[in-house]
Amino acid sequence: MKIAVITMVFNERVFLPIWLNHYGSKLGYENLFVIDDGSDDGSTSDNRIINLIKKNRTPLDEDDRAKLLSCFHAELLGYYDLIIYTDVDEIIVVDPILGLSLNEYLSVDNYEYKNPIGFNVLHRNEKEAKIDFDKPLFEQRQFVKFDNLYCKPLISKIPINWTAGFHWSQHKSQYDINLFLFHLRAMDHTVAEERFKTLNAVQFSSNSLAKQHSFHYRLVEQDYFRLIFSTSEFEFENAKASLEFINQIFETGSLIEGKVARIPERFHNAIELNRNSTEGDLSDALSNHSLIAGEHLNKETVNTLFSNSIQRMISETPHRRRK
C-alpha cells in the first residue's frame, strides 16, 4: 500500500526531526510532505525533507488551515492509497503487542478511515529528568493521559473535510484500539517553555480570534503551563500500567476523559527521539519504502498539487473574508 504523511510547521526545531525520524523510518522519507509556513529557524533545511512545500506566511486562520490540508489530502489521493495528516508533535504508533509495523498494520485491514486513540505524554517534573534525545521517549516518560480531542480522524483513504484543529470531520468517528496517537506537547517542561515563546508570538486572523481557535497559544505563560501540566501527584501515584480502559469506548460509549495511565513496558521503544539527519538514514528509507522503487513525486508535481489545493480552498470558501 502506498501511504503518505503530511504535516505543516512553523519553527519546529525540536518536533520536526522527531516527526521525520518516526514516519520516515516507517513509511519512507519520500512519502512525507512538509508544508513550511514561513519558518526562519533553519529547521526545514533537514536533508530528510524530500517534499518541502513553501507557503507564504499570513496570519494563521485555523479554518483555512484545515480546509487547505483537506484539499491537499484529496490531491494526493490521486497518487497514494492512504494519506495521514498529523501536527508535528503527534506520533501514531501501532500497539507493539501485534508485532506489526505501521505500514503493515495499515495495509491489512479493510476500512476507509481510522481514528487512533489519543494520549498526551506527561512529564512528571518532580521525578523525571529533562528529556534526553538520544534515548527512546518511553524509557524516560512513564505516564500518559487519555484525551478525546486527540482521537482525531487523521488516517483516511477517502476525501475528508477536517474542522479547525483536525479534531473532527464530516465522517462518524471510527476508533481503532490498536492505534495510538501520542501528543508530545507536554513531554518535557523545558521544551514546552521554549516552544511556547514561538506559539505565543503567532498572529491569528480575525476569524480565528473571533472563534477562539487555538486560544491556549494566547494565554499568559503561567496559565498555559497550568493547562498542559495539570496532572496531580495523586493521579500519578494511582495510575495503572494498562491501557485496557480504552475498551470502554466501544463497550459503553464513555470516553473517560483525562484518565492517567502508566505506559506499559511493551511501548518503551515505540518512539525513538534520535533527531540526527544522516545520508545513510535517507538512502535506507528511499530504498525500502519508495512510491515505485527508486522514485517519488517530483518537485513540480508536488508544487502543482499544492497550488491546486490553495485555489480550491479559496473557491470553496468565497463567503468569508480573510484578514
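## Cysteines

Cys71 has 0% relative accessibility and therefore counts as buried (under 20% relative accessible area, with exposed over 50% and partly exposed in between, using a 1.4 Å probe and protein chains only). Cys151 is buried too, with a relative accessible area of 0%. Zero disulfides turn up in a search of the whole structure, a disulfide being a pair of cysteine sulfur atoms within 2.5 Å.

## Model and confidence

This is a predicted model, in which local features need pLDDT of at least 70 and side-chain atom pairs count only at pLDDT 80 or more, while totals for chains, interfaces and linings use all residues. Residues are numbered from 1 along each chain as its sequence is written, and side-chain values use heavy atoms, without hydrogens and water.

The chain has a mean pLDDT (the predictor's confidence in each residue, from 0 to 100) of 91, and 90% of its residues reach 70 or more. In residues 290-294 the pLDDT is below 50; this stretch has ten contacts in the model beyond near neighbours in sequence (contact means heavy atoms within 4.5 Å).

## Nonpolar cores

A nonpolar core is a set of buried Ala, Val, Leu, Ile, Met, Phe, Trp, Tyr and Cys residues joined through side-chain atoms within 4.5 Å. The largest has 79 residues, of which Leu106, Phe119 and Phe182 touch the most other members. Helix H1 supplies its largest share, seven residues. Another core, of twelve residues, lies apart from it and includes Ala186 and Phe196.

## Helix H1

Eleven of its 13 residues are buried, so the rest of the structure largely encloses H1. Among the buried residues are Trp19, His22 and Tyr23. Just after H1, Gly28 has a positive phi of about 95°.

Conventions
Helix = DSSP H or I, 4+ residues; strand = E, 2+ residues; numbered from the N terminus.
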